[in-house]
Amino acid sequence: MSVFTHKEFDQHEQISFFHDQATGLKAIIAVHNTHLGPALGGCRMWNYESDDLALKDVLRLSRGMTYKAAVAGLPLGGGKSVIIGDAKKHKTADLMRAMGRAVETFGGRYIVAEDVGTTTEDMNYINSQTKHVVGIVGGNHGSGDPSPTTALGVFTGLKAAARHRLQRTDLKGLKVAVQGLGNVGYNLCRYLHQAGAQLIVTDMAADKVDMASREFGAMAVALNSIYDIEADIFAPCALGGILNDDTLQRVKAKVIAGAANNQLAEPRHGDMLRDMKILYAPDYVINAGGLISVYYEHVARTSNKPYDRQMVLDHVAKIDSVSESIFKRADQEGISTSLAADRIAEQRFKATKACKAA
Ligand code: NAD
């Protein structure tokens, strides 16, 4: 397994491998960049087919967190961790405590949160071993599940995109196709319904689709048909890599704005979207609400003050002006919105020096 010459290495500051024989923990923590502050990012538990795939995933994800935090204007760096194993079969309280000890070795340069395969309950186990954890439930500082705040941020960015591309200041009557009705997608549907949008939805889970039809009057379509829908806006809220050579030929929406991470299969698909005059609201720009929420939990904890929900809402509201500035920069420079976002992030995090351990 190569590390320094790995395709996804991209100047990572630190990559640590952990093994705990007693609990079976096998984990990797990657810190991409701490120029703006300590690296904050979730812990994913996934049954990777190989150690190589686990390394690739953690490197790609931790780099993404650096960009997300920088564009959101947060004093945070980017990092992420992965635990190799099936969360349904191998996860135990002791394993999560062992993970907590691994996080503690970073002395605050890495702060962990929940991600796919881990829960707020797991963060509480980690918290028994280290204070460098967010997404805790309860207590004075806990912010709990970040998903509803992510949905609010996506809604904010989606409205900014509709204003810019469709010259619409409201969403009344607009058709929005939503892929994925999970923690974020379902909450996004609620905001869209309240704003008067017509919903077209799909999910593998039939019960979620039925609920959305009943609660929001959403029209249900088959999984693979969501790309072909005559909609004004497409909101991918399930998987990464879904904007690719196959799907882009089929999308009819003029705006793409959703929660899913890494929606572009490759950077060149951002250019293709620009050529097709489809406005793409970059995923990490508009799905930063959850990160913003847990950042204020970190602030509450380190200053020993209560978690301030209003500060979170004020910060999430800025996703509107941040999105608008990215759309304008892309227009002015004749580049894709994804590249414009990357350039703004890089200007911020490359300009300052690495942070010290707490
Ligand atoms: P989730 O697991 O709660 O929901 C995902 C939903 O997508 C599930 O209902 C699943 O059945 C559905 N799905 C899976 N494959 C599908 C397919 N092919 N077609 C249609 N539906 C499909 O996840 P979530 O927390 O709602 O996150 C959604 C996306 O947003 C993920 O890409 C995640 O990485 C990203 N994201 C989430 C957060 C957060 O705060 N939860 C923050 C930033 C980014």
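Q: How many residues of strand 4 are buried?
A: In this predicted model, strand 4 is mostly covered, with 8 of its 8 residues buried.

Q: And which residues lie on each of its faces?
A: Gly77, Gly79, Ser81 and Ile83 are on one side of strand 4, and Gly78, Lys80, Val82 and Ile84 are on the other. Both faces are covered, and these residues are all buried.

Q: What sheet does the strand sit in?
A: It belongs to an open sheet of 5 strands in the order 1-2-4-3-5, with mixed pairing. Strand 1 (14-20) and strand 5 stand at the edges with a single partner strand each, so one side of each lacks a neighbour in the sheet. Ignoring direction, neighbouring strands of this sheet are turned by 25° against each other on average.

Q: Strands 2 and 4: parallel or antiparallel?
A: Antiparallel: strand 2 (residues 25-33) and strand 4 (residues 77-84) pair over 6 bridges. Ala30 stands opposite Lys80 in strand 4, and Ala27 has Ile83 of strand 4 as its bridge partner.

Q: What about strand 3 and strand 4?
A: Those two run parallel and are joined by 6 bridges. Within that topic, the bridge partner of Ala39 in strand 4 is Gly77.

Q: Which helix packs on this sheet, and which strands does it touch?
A: Helix 1 (residues 51-71) does, touching strand 1, strand 2, strand 3 (39-46) and strand 4. The direction of helix 1 makes about 155° with that of strand 4.

Q: Moving to helix 4, which residues are buried there?
A: In helix 4 (residues 120-127), the buried residues are Asp122, Met123 and Ile126. They cover an arc of only 100° around the axis and therefore lie on the same side of helix 4.

Q: What covers the buried residues of helix 4?
A: The cover includes helix 3 (93-104) and strand 5 (110-114).

Q: How many bridges join strand 6 to strand 9?
A: There are 4 bridges between strand 6 (residues 175-179) and strand 9 (residues 233-236), which run parallel. Ala177, found in strand 6, stands opposite Phe234 in strand 9.

Q: Is Ala177 buried or exposed?
A: Ala177 counts as buried because its relative accessibility is 2%, under the 20% cut-off. Leaving aside neighbours within four places in sequence, Ala177 is in contact with Ile200, Ile226, Ile229, Ala231, Ile233, Phe234 and Ala235.

Q: How far apart are Ala177 and Phe18?
A: Their C-alpha atoms are 42 Å apart in space, and the two residues are 159 residues apart in sequence.

Q: Last topic: at what angle do helix 13 and helix 14 cross?
A: The axes of helix 13 (residues 319-333) and helix 14 (residues 337-349) cross at roughly 110° and come within 8 Å. The two helices are therefore roughly perpendicular to each other.

Q: Which residues make that contact?
A: Helix 13 contributes Ile326, Phe327, Arg329, Ala330 and Glu333, while helix 14 contributes Thr337, Ala340, Ala341, Arg343, Ile344 and Gln347. The residues of this contact divide into 6 nonpolar, 2 polar and 3 charged.

How values were computed. Residues numbered from 1 in each chain as written. Predicted model: local features only at pLDDT ≥ 70, side-chain atom pairs only at ≥ 80, totals over all residues. Heavy atoms only, no water. Pairing = 2+ DSSP bridges. Axes fitted to C-alpha atoms, helices over the stretch in contact; angles between N-to-C directions. Parallel < 35°, antiparallel > 145°, perpendicular 65-115°, else oblique. Contact = heavy atoms within 4.5 Å. Nonpolar A, V, L, I, M, F, W, Y, C, P; charged D, E, K, R; others polar. Buried < 20%, exposed > 50% of the residue type's maximum accessible area, 1.4 Å probe, protein only. Arc of directions from axis to C-beta.
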